[in-house]
Amino acid sequence: MSDAKIHVRQVGKTFVSEQREVQALQSIDLDIQPNEFVTFVGASGCGKSTLLRIIAGLETLSCGEILLDGKPIDGPGVDRAMVFQHYSLYPWLTVMQNIKFCRQLKVIGDTVRHDGDVESAAGRADALLNLMGLTRFTDAYPSQLSGGMQQRVAIARALLPKPATLLMDEPFGALDAQTREVMHDLIRHVHRLEKSTILFVTHDVEEAIYLGSRIVLMAPRPGRIDSIYEVPLPAQRHQDMKLAPEFTELKREILARIRETSGMQTDLEQLAKLSAVAG
Amino acid sequence: MTAQISIPSAATAAQPRHTATPAAPAEQVVRKSSFWRIRGEISRRSAWLLTGAGLSLPFVIWWLWTALGLADPMFMPSPGAVLERIGRWGTSEGLLGDIGISVWRVMAGFGASALIALPLGLYIGTYRPVQAFLEPLTDFVRYMPAVAFIPLVMLWVGIDEGSKVLIIFIGTFFQMVLMVAEDVRRVPMAQIEAAQTMGANRGEIVKLVILPSAKPALLDTLRITCGWAWTYLVVAELVSANSGLGYAILKAQRYMHTDKIFAGILLIGLIGLLTDQAFRWLHRRAFPWMRK
């Protein structure tokens, strides 16, 4: 319990607007181990992104506590990096300048100076560029890259300060299916290489199974953890596994559960009744 | 594809004709339809031709109108007479001096406005408390007609250069603040949050993210408001001026010099067009990353 990388206990989050109060998260309990790859799925409004944003320090929690390496979270930190769905790159900077963006910041500058490894940091930017297959695009602007390339830059930028935890909020949601497959293998590779803890929010169940070692299924109104699934796949994965019976069985089970918890089920039943009447 | 959705018989009847044409070279099909295609592209040559035609059309009509003797030259001078007038203004009536003082007034009023509006708009667009505090006030003042301030400005500032600059300032400043604030608010939240997760502090986010991200929009705002500054010139030179393009126009009316009124209006339009083009050129030069 105490050796958990991220320890979430009885976390709640309420958004208060003028008209109403929305219970985005209620009584969330979750422990995430170091180097674990946890994916989050659930119907829209289940609070999976909110939970990620609280861990990132972009939102505050209303009640409960989250401990990161045993310490409560107080705002964003260099130990956690976040990759957004889109529009997060800086279009006026080249690929290399985007990746090195955090170098200009005071927090990072200080740690680099302390470590005295400015040289190795420079080498790291090149290595990441290479890992992401972006060497030919060092001086290109984001507008000249495809969506998949842009997300590679965003991932490289997030990885530069060697974050222990990588938070990904539907990072491949806007990409086409083929590009997404490539990115899946890339991010699994990064996970093995960097030994980072990854929290990955997605609405794509197949993506959640293929990437995660554990899947957290959340349900809406109020946002809560419904169930947690262990993924019965080996650490080394390849695309063919998506056709394995245990993969498709898990996918079916999770999809059914999301449908049940989404609150849309009743709408569908209503629709079926209506079409029966019409027919 | 659309025919599948649209059930009416007219659409389905038209469909076979469309599918029968692919044998024709695609190039030809594009050429036929590109001119009136919604948001279609046209060639550089046609663009220049159309621009030239559009700009010269009113002049041609004007020239024909006067050449056919349809107008009293007292009220509607011919293009030739106006050109001649510009020449005379340039050689013996101090045109350069008038242009110089007017450009100075516009730039001083516009510059002072930008100097205050840029930081103020940045604060309004970045911090909600500043927005709540200042934006409704600015919104209120901007609906007050700048012209109506002239008597007050004369009483408070007097009738020297300061008053003319102040009128132009009042005419542009309040709009500019709101536009700058809007430009700043348009910076995508993901860009700001990305910097936050990398550990940037408030000052770094403003300096390294918000400002560079909003820069192209800000330059556009300056370009547009600079045009408005020119429209307030004539108003400003109502205030007991004895030089300047606006003043020359007002004085020409007193002496029924219609040709000089035409000349003055055309010159202001021309200077405005040139500044606008200069801003656009700067925009292209300063932000190469916007090009695809």
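Me: What covers the buried residues of α11(B)?
Reply: This is a predicted model. The buried residues of α11(B) include Ile205(B), Val209(B), Leu218(B) and Trp230(B). Their cover includes α6 (95-126), α9 (161-185), α10 (189-197), α12 (233-236) and α14 (258-286) of chain B.

Me: At which residue does helix α11 of chain B bend?
Reply: The helix runs over residues 202-231. Its bend is about 50 degrees, and the proline Pro216(B) follows within four residues of the bend site. That site is Lys215(B).

Me: How many of the 24 residues of α4(B) are buried?
Reply: A residue needs 20 or more other C-beta atoms within 10 Å of its own to be buried. Helix α4(B) is hardly covered. The count of buried residues is zero.

Me: Where in α4(B) does the kink lie?
Reply: Helix α4 of chain B spans residues 44-67 and reaches 34 Å from its first C-alpha to its last, close to the 34 Å expected. Still, there is a kink of about 35 degrees, shortly before the proline Pro58(B). The kink lies at Ser56(B).

Me: Which strands are the edge strands of the open sheet in chain A?
Reply: Four antiparallel strands take the order β2-β1-β4-β5. An edge strand here pairs on one side only. That gives β2 (21-32) and β5 (71-72) of chain A.

Me: Which strands of chain A does helix α1 touch?
Reply: Helix α1 (residues 48-56) of chain A packs on the sheet. Its direction makes about 65 degrees with that of β2(A). The strands touched are β1, β2 and β4 (63-68).

Me: Which residue in β2(A) stands opposite Ile6(A)?
Reply: β1 (residues 6-16) of chain A and β2(A) pair in the antiparallel sense over eight bridges. Opposite Ile6(A) stands Ile32(A).

Notes
Residues numbered from 1 in each chain as written. Chains lettered and ligands numbered in written order. Predicted model: local features only at pLDDT ≥ 70, side-chain atom pairs only at ≥ 80, totals over all residues. Pairing = 2+ DSSP bridges. Helix = DSSP H or I, 4+ residues; strand = E, 2+ residues; numbered from the N terminus. Contact = placed C-beta atoms within 7 Å. Axes fitted to C-alpha atoms, helices over the stretch in contact; angles between N-to-C directions. Bend = angle between axes of the 7 residues up to and from the residue. Buried ≥ 20, exposed ≤ 12 C-beta atoms within 10 Å, placed from the backbone. Expected span 1.5 Å × (residues − 1).
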